[in-house]
Amino acid sequence: MSRTVFVNGEYVAEEQAHISVFDRGFLFADAVYEVTAVLNRKLVDFTQHMERLDRSLSELAMAQPVSTDELRAIHHELIARNDVDEGLIYLQISRGAADRDFAFPDEDTEPTLVLFTQVRAVADTPAARTGIRVITVPDKRWGRRDIKTVQLLYPSLAKMEAKRAGADDAWMVDEQGITEGTSNNAYIVLADGRIITRQLSHDILPGITRRSVLRCVNDMQLTLEERAFSLDEARSATEAFFTSATGFVMPVVEIDGHTIGHGKPGPITNRLREIYIQDARDNAE
Ligand code: PMP
């Protein structure tokens, strides 16, 4: 069945949706995005995703074409029109279409706003039951990974390298240790129960799920350390997991072919996933 998507103020069938070949998102990756999970036809952590969107836009001096309230209404309209019970909504804003030039176009250039839905299971998935396998690769991305741009070629190459190696995803590594996954934040759990995740900086994306899950960690009175951790420390961990808007809390059971813990999702990871998803359902809007 054809989806209804949203393009620059209009709801159209996906086959009828068009963007200019001069769009700067297409030519320069001059665009930012957000992905919000849908559970029971409601939006998970929506307000926080829109706050990050505003930040990404302002870091790139890009205009916000519509208000958060309008964006909320568009999200709900797409859920209704596409009958999305569970899945995700993708939103992208580019600086708009203008003659190709590295310099930004005139301020009156209209930004391009696109949203579309994807129906799929997110709460109960085989990967969450078995855990996933990751490889590590050098982090070769640019220096402002805190801005959620559509510049995703390197993470895409890393994901393909993981697939070729028979794994599910790649965790990226810089001089200080593991930064994050191709599209998720990375965590390890040590034998004494401490949870370690990289501190926020320009080196990683400030995950919205990360923020919510760290609140759960605090509520559960678990010990958290926001700091860099090495590949060696990760290999000796008893549990590992990642967080993202559509993966929620996802167990990682193998790193570079090395089994983590007993090779099954660990108890702390499972508990965090359960509590986060319950919270997400309770607070979805
Ligand atoms: N890091 C990167 C590089 C990502 O692409 C994502 C997901 N877009 C995340 C972390 C997780 O962020 P969130 O929890 O907001 O989905």
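Predicted model: local features only at pLDDT ≥ 70, side-chain atom pairs only at ≥ 80, totals over all residues.

Modeller: Let's settle one term before we start: a salt bridge here is a side-chain nitrogen of Lys or Arg within 4 Å of a carboxyl oxygen of Asp or Glu. Between domain 1 and domain 2, the count is three salt bridges.

Now for the two partners. The domain assignment puts domain 1 at 4-119 and domain 2 at 126-283. Their centres, taken over C-alpha atoms, are 26 Å apart. Where they meet, 22 residues of domain 1 are in contact with 22 residues of domain 2. Together the two domains bury about 2000 Å² between them, and 60% of that is on carbon and sulfur atoms. On the domain 1 side, Tyr33, Leu39 and Arg52 lose the most area to domain 2, together 30% of what that side buries.

Tyr33 takes us on to the rings, as Tyr33, Tyr90 and Phe116 form one aromatic cluster. The count of aromatic pairs comes to six. Take tyrosine 90 and phenylalanine 116: the ring centres are 4.8 Å apart and the planes are at 20°, so this pair is stacked, given that planes under 30 degrees apart count as stacked. The pair links distant parts of the chain, with tyrosine 90 in strand β5 (residues 87-94) and phenylalanine 116 in strand β6 (residues 112-119), 26 residues apart. Tyrosine 90 has 15% relative accessibility, so it counts as buried, while phenylalanine 116, at 24%, counts as partly exposed; the cut-off for buried is under 20%.

For another pair, go to phenylalanine 248 and tyrosine 276: they are 5.7 Å centre to centre with 50° between the planes, and the pair is tilted. This one also links distant parts of the chain: phenylalanine 248 belongs to strand β14 (residues 248-255) and tyrosine 276 to helix α8 (residues 267-283), 28 residues apart. Phenylalanine 248 is buried, with a relative accessible area of 0%, and tyrosine 276 is buried too, at 2%.

The charged end of arginine 81 is over the ring of tyrosine 11, 4.2 Å from its centre. Arginine 95 lies over the face of phenylalanine 104, 3.3 Å from the ring centre.

Methods. Residues numbered from 1 in each chain as written. Heavy atoms only, no water. Phe/Tyr/Trp six-rings, centres within 6.5 Å; stacked < 30°, edge-to-face > 60°. Helix = DSSP H or I, 4+ residues; strand = E, 2+ residues; numbered from the N terminus. Buried < 20%, exposed > 50% of the residue type's maximum accessible area, 1.4 Å probe, protein only. Lys NZ or Arg CZ within 6 Å of the ring centre and 35° of its normal. Domains from an automatic or database assignment. Contact = heavy atoms within 4.5 Å. Buried area = accessible area lost by both parts, 1.4 Å probe.
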